[in-house]
Amino acid sequence: MQVKPGARRINAGTFEKAYPATKYPGAYQLRPRPLSQLEKLLSADAVADYAMSGKPTVVVS
C-alpha cells in the first residue's frame, strides 16, 4: 500500500492580495503562474503560506 500526497497548487485569492500584479508582474500570466514556477521566482518559503494541497490518494498494488 502506498499513500501519495495530494496535488499542490497556489491559492490565487490570497496570493494576489499578498503579491499584487502591479508590484510582481513576473509572477503572473492571466492568473498567478504555477506553484513550481513561483517557487523558483520568489522562493519556496515565500509562497508556502499560499499553497494548497489536494486530497492524498492511496494506491494498492
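Analyst: Happy to! This is a predicted model, where local features need pLDDT of at least 70 and side-chain atom pairs count only at pLDDT 80 or more, while totals for chains, interfaces and linings use all residues. Residues are numbered from 1 along each chain as its sequence is written, and side-chain values use heavy atoms, leaving out hydrogens and water.

The protein chain exposes about 4700 Å², with 54% of that supplied by carbon and sulfur atoms (Shrake-Rupley method, 1.4 Å probe; for residues, only the protein chains shown count as cover). Its C-alpha atoms fill a box of roughly 50 × 20 × 20 Å along the principal axes. Three helices and four strands are present (DSSP runs numbered from the N terminus: helices H or I, at least four residues; strands E, at least two), and along the sequence they follow the pattern β-β-α-α-α-β-β.

Now to Ile10, which sits in strand 2, residues 8–10. Ile10 is buried, because its relative accessible area is 14% (buried is under 20%, exposed over 50%, partly exposed in between). Buried residues make up 18% of the 61 residues in the protein chain. Leaving aside residues up to four places away in sequence, Ile10 touches Phe15, Pro32, Arg33, Leu35, Leu38, Val47, Tyr50, Ala51 and Met52 (contact means heavy atoms within 4.5 Å). Ile10 and Ser36 lie 26 residues apart in sequence, with 9.3 Å between their C-alpha atoms. Across the protein chain, 64% of the contacts with a separation of 6 or more join residues 24 or more positions apart.

For contrast, Val58 in strand 4 (residues 57–59) is exposed, with a relative accessible area of 53%.

Definitions and conventions:
Buried means under 20% relative accessible area, exposed over 50%, partly exposed in between (1.4 Å probe, protein chains only).
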